[in-house]
Amino acid sequence: MGYRVAVVGATGNVGREMLAILAEREFPMDEVAAVASSRSVGTEIEIGDSGRMVKCKNLEHFDFSGWDIALFAVGSAATREYAPKAAAAGCVVIDNSSLYRMDPDVPLIVPEVNPDAIDGYVKKNIIANPNCSTAQLMVTLKPLHDAATIRRVVVSTYQSVSGAGKAGMDELFEQSRAIFVGDPVEPAKFTKQIAFNVIPHIDVFMDDGSTKEEWKMVVETKKILDPKVKLNATCVRVPVFVGHAEAVNIEFENELSAEDAQNILREAPGCMLVDKREDGGYVTPVECAGDSATYISRVREDPTVDNGLTLWCVSDNLRKGAALNAVQIAELLGRRHLKKG
Ligand SMILES: NC(=O)c1ccc[n+]([C@@H]2O[C@H](COP(=O)([O-])OP(=O)(O)OC[C@H]3O[C@@H](n4cnc5c(N)ncnc54)[C@H](OP(=O)(O)O)[C@@H]3O)[C@@H](O)[C@H]2O)c1
C-alpha cells in the first residue's frame, strides 16, 4: 500500500523535478495528483520519464482530504492561502517556499543534518524545505561541524537562474539570443542584464543592506545546524541555467587539517568529494546538473586565521536545493510517522 501524493506547482521547475524524483526513487504512491494554477488545468504532465501522464488540476478547487502528503512549490502567496487548507484537511504539507521556514512551529529539515526535528511537524502539519543555497551548504558543513565545531562561515554564492523559476531560465535564454543577433536586451525578472553578466542581488533588500536571500542563509543555518554558528553571505546571480556554486570560508573552534576534512567529506552522507588539485580536478555547475550529490572541491587550509578552511561546493539547486530534499523529507516522514502497509 502506498501514499496519495499531491504535487502542487507541478508545471514549475521544482514541481516537475519533484515528480521526476518521486518516480526515480520509487516513492511508494498509490495515486499522484499534479496541481497548479487555473492556467494549467488539463495540461498533461509526465511523471519523470515513466511514460505515465497526469492531467493538471486547479489548486483553487482541489480537495486535499484523503491525500497523505502535498509537496508544495508555488511561491509564498499561493502557499499562504492553500497550505493551511491542505494541512487542516489532514494532508501533511512539505513546502518549498520561504513562508514557513522560520516559523517556530514548523520544522525546517535537511534529512542528512537534522532528521529528528521532523517530529515537530504535528503542531501545524507543515514541514519546510530550506532555501536552495542553504541546503547544499548544510550538507557540506554538518560533518565538519561535528568534527571541529564551526564558529564562523563566510560564503559567496554563484546562483543559477533556475533558482528564479521558469521565468528566470527564459530570460537568460532570450537575452543570450538577443545579444547574438543584435536585438535590445530588456531586464524583466532580474534587475539588470543577466546574460554575460553577474548580479549581486537576490530577493529584496533588508534594512541593514543585506538581501533577503543572504538573511535566509544566516537564519536557516542557525535553525538547521546550530544557533551558535555565525554566517555572512553574499548571494550573486550568475548566467548558468542549473546548479548553484558556493565559495565557503570556515573558522573552527578546533584544528581540522585539509586532509582530515577531505577524509570526513569523502564519507559524509549526500557529499561527493572531487578534489584533485590539478586542471579540471573540481566540479562545476554544469557537471552537477541532474545529479543528487553536493560536490565538494578545492578544500584547503586558510593561513590567515586560526583553524580556518576554504572550500568550493556545487549542487543542482532544483534537486538537493528543492525537489530532492522535499522527497527525502517525505521518505523520512513515511519512515517515522506515516507508515503504510
Ligand atoms: N527553483 C529553485 O531552485 C527553488 C529552490 C528552493 C525553493 N524554491 C521555491 O519553490 C517554489 C516554486 O519555484 P519554481 O522555481 O518551481 O517556480 P516556477 O518554475 O515559476 O513554477 C511556479 C509553479 O507555481 C504554480 N503557481 C503559481 N501561482 C499559483 C497559484 N496562485 N495557484 C496555483 N499554482 C500556482 C505555477 O503554475 P502555472 O504553471 O499554472 O502558473 C507553477 O507550477 C517557490 O516558492 C520557490 O521560491 C525554488
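In the predicted model, helix α1 (residues 13–24) lies across β1, β2 (29–36) and β6, and runs at about 155° to β1. These strands belong to an open sheet of six strands in the order β5-β2-β1-β6-β7-β8, with parallel pairing. The edges of the sheet are formed by β5 (57–58) and β8 (126–128), each of which pairs on one side only. Strand β1 (residues 3–8) and strand β6 (residues 69–72) run parallel and are joined by four bridges. Within this pairing, alanine 6 stands opposite alanine 70 in β6.

UniProt, in an unreviewed entry, lists residues 4–121 as "domain: Semialdehyde dehydrogenase NAD-binding".

The largest nonpolar core comprises 55 residues. Those with the most contacts inside this core are Ala6, Phe64, Phe72, Leu141, Val153, Val248 and Ile250. Helix α3 (residues 132–148) gives the most to the core, contributing six residues. At least three residues of the core come from each of domain 1 (3–130 + 322–336) and domain 2 (133–317). Another core, of 37 residues, lies apart from it and includes Leu22, Ile127, Leu318 and Leu332. Phenylalanine 72, one of the residues with the most contacts inside the largest core, touches Val8, Met18, Phe64, Thr79, Tyr82, Ala83, Ala86, Val93, Ile94, Asp95 and Asn96, residues up to four places away in sequence not being counted.

The feature "active site" is placed by UniProt (unreviewed entry) at Cys132 and His244. The two positions are spread over 113 residues of sequence but cluster in space, with a largest C-alpha distance of 8.1 Å. Cysteine 132 is found in helix α3, whereas histidine 244 lies in strand β11 (residues 244–252). Cysteine 132 has a relative accessible area of 13% and is therefore buried, the cut-off being under 20%. Histidine 244 likewise counts as buried, at 0% relative accessibility.

With neighbours within four places in sequence left aside, cysteine 132 is in contact with Gln159, Glu213, His244, Asn317 and Gly321. Contacts of histidine 244, with residues up to four places away in sequence not counted, are made to Cys132, Ser133, Gln136, Tyr158, Gln159, Ser160, Gly163, Arg237, Cys313, Val314, Ser315 and Asn317.

Key: Residues are numbered from 1 along each chain as its sequence is written. This is a predicted model: local features need pLDDT of at least 70, side-chain atom pairs count only at pLDDT 80 or more; totals for chains, interfaces and linings use all residues. Side-chain values use heavy atoms; hydrogens and water are left out. UniProt positions are given in the numbering used here, feature names are shortened, and annotations may be inferred rather than shown by experiment. A nonpolar core is a set of buried Ala, Val, Leu, Ile, Met, Phe, Trp, Tyr and Cys residues joined through side-chain atoms within 4.5 Å. Buried means under 20% relative accessible area, exposed over 50%, partly exposed in between (1.4 Å probe, protein chains only). Helices (H or I, at least four residues) and strands (E, at least two) are DSSP runs, numbered from the N terminus. Domain bounds come from an automatic or database domain assignment. Contact means heavy atoms within 4.5 Å. Two strands pair if DSSP finds at least two bridges between them. Axes are lines fitted to C-alpha atoms, for helices over the stretch in contact, and angles run from 0 to 180 degrees between N-to-C directions.
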